[in-house]
Amino acid sequence: MGILGFGKVQKLEDLKVDDLKKERLTQQVKQDQLLTRLRQSQDQFDGLLEAASEPGLNDAEIDAAAYKMESVSRIKTRTEFELQEIITKMSVIDSTMDVLNQKAELEKKGVWKKINSIPEDQLEAQLEELAIDRKETSINLNKIVEMFDKDSLSVQANRSADFRRNREAILQRRNEKTS
């Protein structure tokens, strides 16, 4: 399928920053559309709740409103899920652009060849990890080198996003218990 869904692109060096910028813009438009759909769903839910809570409605009318509210809630949940996917994809695109913008320095440090020899699925996993780090701190050349120049990285690259989230939740809960 290609890195980040870019057709036949299997190596980072095959990606172009301009293509990534266009894809990010496309994702921003999708994000805006999903946010609009989310607001509309919430407004519809609130309107149904308000209308159904009026005195004088019979049980059948209340039940009908409850079913409509359930349907709207499912749409809202699905939209929230899609929105989270878009946000994640935009973060990965941003991290990928960070890496590409540091190409010359990464070549000097001897890491660029290593990055381009990483299998496609592992590379995507590492770019996702970099996107997570990008949210927590600013990404600089040393962070990129550290991310791609570890032997243990192949183990981390095979870990799923759920695994990383669960591990982080465990560590956070442990910190709360010891505090």
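In which helix do glutamate 105 and lysine 108 both lie? They both lie in helix α3 (residues 103-108), 3 residues apart, which is about one turn of the helix. This is a predicted model, in which local features need pLDDT of at least 70 and side-chain atom pairs count only at pLDDT 80 or more, while totals for chains, interfaces and linings use all residues. Residues are numbered from 1 along each chain as its sequence is written, and side-chain values use heavy atoms, with hydrogens and water left out.

**The overall picture**

- The protein has 8 helices and 0 strands; helices (H or I, at least four residues) and strands (E, at least two) are DSSP runs, numbered from the N terminus.
- Along the sequence, the pattern reads α-α-α-α-α-α-α-α.
- The protein has 179 residues, and 32% of them count as buried. Here buried means under 20% relative accessible area, exposed means over 50%, and partly exposed is in between (1.4 Å probe, protein chains only).
- Accessible areas come from the Shrake-Rupley method with a 1.4 Å probe, and for residues only the protein chains shown count as cover.
- Among contacts (heavy atoms within 4.5 Å) with a separation of 6 or more, 74% join residues 24 or more positions apart.

**Salt bridges**

- Side chains of opposite charge can pair when their charged atoms come close.
- The whole structure holds 4 salt bridges, each being a side-chain nitrogen of Lys or Arg within 4 Å of a carboxyl oxygen of Asp or Glu.
- One of them joins arginine 24 to aspartate 94, with the closest N and O atoms 2.5 Å apart. Arginine 24 lies in helix α1 and aspartate 94 in helix α2, so this pair ties together parts 70 residues apart in sequence. Both arginine 24 and aspartate 94 are buried.
- Another joins arginine 37 to glutamate 82, where the closest N and O atoms are 3.5 Å apart. This pair also links distant parts of the chain, with arginine 37 in helix α1 and glutamate 82 in helix α2, 45 residues apart. Arginine 37 is partly exposed because its relative accessible area is 35%, and glutamate 82 is partly exposed at 27%.
- Glutamate 105 and lysine 108, the pair from the opening question, form a salt bridge too, with their closest N and O atoms 3.4 Å apart. Glutamate 105 has 32% relative accessibility, so it counts as partly exposed, whereas lysine 108 counts as exposed at 66%.

- Glutamine 27 sits in helix α1 and counts as buried because its relative accessibility is 2%. Leaving aside neighbours within four places in sequence, glutamine 27 is in contact with Ile86, Lys89, Met90 and Ile93.
- Serine 73 belongs to helix α2 (residues 59-101) and is partly exposed, at 28% relative accessibility. Serine 73 and serine 41 are 32 residues apart in sequence, and their C-alpha atoms are 7.6 Å apart in space.

**A negative patch on the surface**

- Asp43, Asp46, Glu50 and Glu54 gather in a surface patch of negative charge.
- Patches are made of residues with over 30% relative accessible area and no salt bridge; like charges are joined within 9 Å, and nonpolar side chains (Val, Leu, Ile, Met, Phe, Trp, Tyr) within 5 Å.
- Lys and Arg count as positive and Asp and Glu as negative, while His and the chain ends are not counted. The place of a charge is taken as NZ of Lys, CZ of Arg, CG of Asp or CD of Glu.
- Aspartate 46 lies in helix α1 (residues 17-52) and, at 38% relative accessibility, counts as partly exposed.
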